[in-house]
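Work through the exercises below with the model open beside you. Try each task before you read its solution.

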Amino acid sequence: MRIDKFLKNARIIKRRQVAKEACENGRVKINEKEAKPGSLVEEGDIVEVVFGKSNLKFRVLNLIDGAKKNDAFSMYEVIDE
């Protein structure tokens, strides 16, 4: 699944266009590598998203296309560092 679509489906970023812009501006990394909007994400990948002054680092658990609100939180687990 594309990273911009994953971020929207998992409800980490509300709109896919905003997720795309975050990737284009270098604020999203997959396994320590800068991600482009079309970069593929797989189960087990570590993703880091920079939101202004805060970071969100998480592990991808499930890839659910068209996830419902209740399913969105089962798509990833937050990693504390």
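**Exercise 1. Asp-4**

Is Asp-4 buried or exposed? Find its place and its partners too.

Solution. 
- Step 1. Note what you are looking at: this is a predicted model.
- Step 2. Locate the residue. Asp-4 sits in helix 1.
- Step 3. Check its accessibility. Asp-4 has a relative accessibility of 2%. The cut-off for buried is under 20%. Asp-4 is therefore buried.
- Step 4. Look for polar partners of the side chain. Asp-4 makes a polar contact with the side chain of Arg-2 at 3.1 Å. Another polar contact joins the side chains of Asp-4 and Arg-16, at 3.4 Å.
- Step 5. List the contacts, leaving aside neighbours within four places in sequence. Asp-4 then touches Arg-16, Ala-19, Lys-20 and Pro-37.
- Step 6. Val-78 is 74 residues from Asp-4, and their C-alpha atoms are separated by 18 Å.

**Exercise 2. The overall fold**

How many helices and strands does the protein have, and in what pattern do they follow one another?

Solution. 
- Step 1. Count the elements. There are three helices and five strands.
- Step 2. Read along the sequence. The pattern is α-α-β-β-β-β-α-β.
- Step 3. Test the size against the globule rule. A compact globule with 81 residues would have a radius of gyration near 12 Å. The protein has 11 Å, so the value agrees.
- Step 4. Box the C-alpha atoms along the principal axes. The box is roughly 30 × 30 × 20 Å.
- Step 5. Look at burial and surface. Buried residues make up 32% of the 81 residues. The accessible surface is about 5,200 Å², and 45% of it belongs to carbon and sulfur atoms.
- Step 6. Residues 24 or more positions apart account for 36% of them.

**Exercise 3. The nonpolar core**

Which residues touch the most other members of the largest nonpolar core?

Solution. 
- Step 1. In soluble globular proteins, nonpolar side chains tend to be buried together.
- Step 2. Turn to this model. Its largest nonpolar core has 20 residues.
- Step 3. Pick out the members that touch the most others. They are Ile-3, Phe-6, Leu-7, Ile-12, Val-28, Val-47 and Phe-58.
- Step 4. Ask which elements give two or more residues to this core. They are helix 1, helix 2, strand 1, strand 3 (46–51) and strand 4 (54–60).
- Step 5. Zoom in on Leu-7. Leaving aside neighbours within four places in sequence, Leu-7 is in contact with Ile-12, Ile-13, Ala-19, Val-28, Val-49 and Phe-58.

**Exercise 4. Aromatic rings**

Why is the pair of Phe-6 and Phe-58 called stacked?

Solution. 
- Step 1. Count the aromatic pairs. There are two.
- Step 2. Check the geometry. The ring centres of Phe-6 and Phe-58 are 6.1 Å apart, and the planes meet at 20°. Planes under 30 degrees apart count as stacked. So the pair is stacked.
- Step 3. Phe-6 is in helix 1 and Phe-58 in strand 4, 52 residues apart, and the pair links distant parts of the chain.
- Step 4. Check burial. Phe-6 is buried, with a relative accessible area of 0%. Phe-58 is buried as well, at 0% relative accessibility.
- Step 5. Ring pairs link Phe-6, Phe-58 and Tyr-76 into a cluster.

**Exercise 5. Positive phi**

Solution. 
- Step 1. Most residues other than glycine have a negative phi.
- Step 2. Read the angles. Arg-11 has a positive phi of about 60°. Asn-31 has a positive phi too, near 50°.
- Step 3. Locate Arg-11. It lies in the loop between helix 1 (3–9) and helix 2 (16–24).
- Step 4. Locate Asn-31. It lies in the loop between strand 1 (28–30) and strand 2 (33–34).
- Step 5. Check accessibility. Arg-11 is partly exposed, at 42%. Asn-31 is partly exposed, at 38%.

**Exercise 6. Ile-64**

Which residues does Ile-64 touch, not counting those up to four places away in sequence?

Solution. 
- Step 1. Locate the residue. Ile-64 is in the loop between strand 4 and helix 3 (69–72).
- Step 2. Check accessibility. Ile-64 has a relative accessible area of 25%, so it is partly exposed.
- Step 3. List the contacts. Ile-64 touches Met-1, Asn-9, Asp-71, Ser-74 and Met-75.
- Step 4. Val-78 is 14 residues from Ile-64 along the chain, and their C-alpha atoms are separated by 17 Å.

Note on methods:
Residues are numbered from 1 along each chain as its sequence is written. This is a predicted model: local features need pLDDT of at least 70, side-chain atom pairs count only at pLDDT 80 or more; totals for chains, interfaces and linings use all residues. Side-chain values use heavy atoms; hydrogens and water are left out. Helices (H or I, at least four residues) and strands (E, at least two) are DSSP runs, numbered from the N terminus. Buried means under 20% relative accessible area, exposed over 50%, partly exposed in between (1.4 Å probe, protein chains only). A nonpolar core is a set of buried Ala, Val, Leu, Ile, Met, Phe, Trp, Tyr and Cys residues joined through side-chain atoms within 4.5 Å. Contact means heavy atoms within 4.5 Å. Rings of Phe, Tyr and Trp (its six-membered ring) pair if their centres lie within 6.5 Å; planes under 30 degrees apart count as stacked, over 60 as edge-to-face and the rest as tilted. The radius of gyration is taken over C-alpha atoms; the globule rule is 2.2 Å times the number of residues to the power 0.38. Accessible areas come from the Shrake-Rupley method with a 1.4 Å probe; for residues, only the protein chains shown count as cover. A polar contact is a pair of N or O atoms within 3.5 Å; within protein, one must be able to donate a hydrogen and the other to accept it, and residues adjacent in sequence count only if both atoms are side-chain atoms.
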